[in-house]
Amino acid sequence: MEKVAAFARIQNASSTNMPVNLSSEADLVQESGCFHGDAFAIKIVRILPYFFIITISLIGNSLVVAVVFKNQRMWTTVNFYIVNMAVADLLITIYMPRTFTVAFVGYEWLVGGTAGQVFCKMSILLNQIPMIVSTFTVVAISFDRFNAVVFPLKTLVSTRICKVIILCTWLVALAFRIPTIYAVEIMTRESDGKLFCYLRLDEKFGFGVKRIYYHFNMIAIFSVPLLMIVIFYTTIIVTLKRRKTPGLTPENSSNNSEGFRRREVVKKKVLRLVSIVVTAFVLCWSLYYVRLSMFAYGRDLSCDWLYVRLLLAHMNSALNPCLYAIFSENYRRGFKKILARANFCKRRFQRADSLRSVRWHRAWDSNGSISIRIEPETQKPSSL
């Protein structure tokens with residue numbers, strides 16, 4: 001009865017366009033009371049990993065995008081999917097500094113007014129939509145390897161179709177999150193006047209919608225994609241074990257050409273890479289989705305586990321480019337070229353600056369005062 005009364009109170013307030021106040025902390029999710037009461041040392045420990053995660057993710061995923069677009073030989077479906085994941089990870093990384101404020105003041109929203117409402121809704125766009133895009137892209141990568149291994153002579157997805165699939169991942173992800181973009185709002189807690197970015201699904205769409213929506217998310221965004229990934233990789237493993245000779249399909253067992261064997265070796269290397277990437281994704285995001293299922297029933301994790309859930313999910317954005325560098329020679333070589341070129345350009349600029357300095361001295365010295373003006377510059381004692 002208390003929940004129904006609270007719901008009716010909020011409905012009446014929203015129907016009259018009045019700001020909605022939360023009468024107690026119980027009206028908010030449990031996470032609203034997390035972190036702000038921690039000791040300063042604990043807060044530092046919580047944010048310290050994010051300095052490394054944000055740095056590695058920004059540099060690594062930017063390098064992934066640059067490597068693929070600079071090398072036309074890497075314009076394949078699997079690499080386009082990897083670029084799509086890198087772009088999604090970059091957007092998630094842009095949102096990560098929000099974790100700094102979470103560590104110090106909890107989930108309190110520090111900006112009010114119109115700007116606060118805009119940032120509150122933008123948090124959905126920067127964090128949740130790229131998360132769904134990454135999930136769908138992992139499924140697409142799994143299907144791509146399924147096609148390459150099980151049907152090696154058929155190209156079910158061309159590069160053009162691949163680009164359409166990538167566009168669809170973003171459109172579908174946006175469609176999934178439109179209800180939350182509409183329902184999320186800045187709320188004020190009456191007890192202390194603190195602001196919170198709160199998702200009001202029941203209040204906006206009707207009582208019970210929150211549970212339905214979170215269940216739908218758990219099934220459509222995690223359970224079904226995970227089942228599809230398991231089916232694809234199980235079929236891949238069975239197909240590889242049934243082959244008479246490693247690297248040859250039953251239909252082409254008589255084809256012993258070096259080119260065919262080389263292509264099979266490349267396929268297996270790519271399969272190893274994407275298998276590790278998919279496994280890392282599932283492990284990093286599992287706790288995040290499990291918490292969604294719990295939240296649908298009004299239960300939640302402890303504050304420490306809420307932090308671990310975010311840390312694991314965000315860590316995946318920095319982990320992916322590291323996996324590409326370790327298990328893919330093409331990406332490793334591409335990273336080295338770009339970094340070497342950046343270092344070379346830096347040296348060229350430094351050399352150009354020094355040459356300009358020398359020319360300036362020579363122009364100065366052409367007035368006949370070489371010994372007088374150079375010697376004080378080069379023989380000037382260092383100050384202590």
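Predicted model: local features only at pLDDT ≥ 70, side-chain atom pairs only at ≥ 80, totals over all residues.

Biologist: Why is the contact between K204 and E185 called a salt bridge?

Modeller: The closest N and O atoms of K204 and E185 are 2.8 Å apart. The rule asks for a side-chain nitrogen of Lys or Arg within 4 Å of a carboxyl oxygen of Asp or Glu, so the pair qualifies. K204 lies in helix α7 and E185 in strand β2, so the pair ties together parts that are 19 residues apart in sequence. E185, R200 and K204 are also linked in a network of salt bridges.

Biologist: Is E185 buried or exposed, and how do you know?

Modeller: The relative accessible area of E185 is 18%. Buried means under 20%, so E185 is buried. K204, with 27%, is partly exposed.

Biologist: What makes E329 and R333 a salt bridge, and where do they lie?

Modeller: Their side chains meet at 2.7 Å, N to O, and the cut-off is 4 Å. Both residues lie in helix α11, four residues apart, about one turn of the helix. E329 has a relative accessible area of 46%, which lies between 20% and 50%, so E329 is partly exposed.

Biologist: Which residues make the nonpolar surface patch, and what qualifies L125 for it?

Modeller: V118, M122, L125, L174 and I178 make a patch of about 380 Å². The elements giving two or more residues to the patch are α5 and α6. L125 has 33% relative accessibility; patch residues need over 30%, so L125 passes that cut-off.

How values were computed. Residues numbered from 1 in each chain as written. Heavy atoms only, no water. Patch = residues over 30% accessible without salt bridge, like charges linked within 9 Å, V, L, I, M, F, W, Y side chains within 5 Å. Areas by Shrake-Rupley, 256 points an atom, 1.4 Å probe, with all protein chains shown as cover. Buried < 20%, exposed > 50% of the residue type's maximum accessible area, 1.4 Å probe, protein only.
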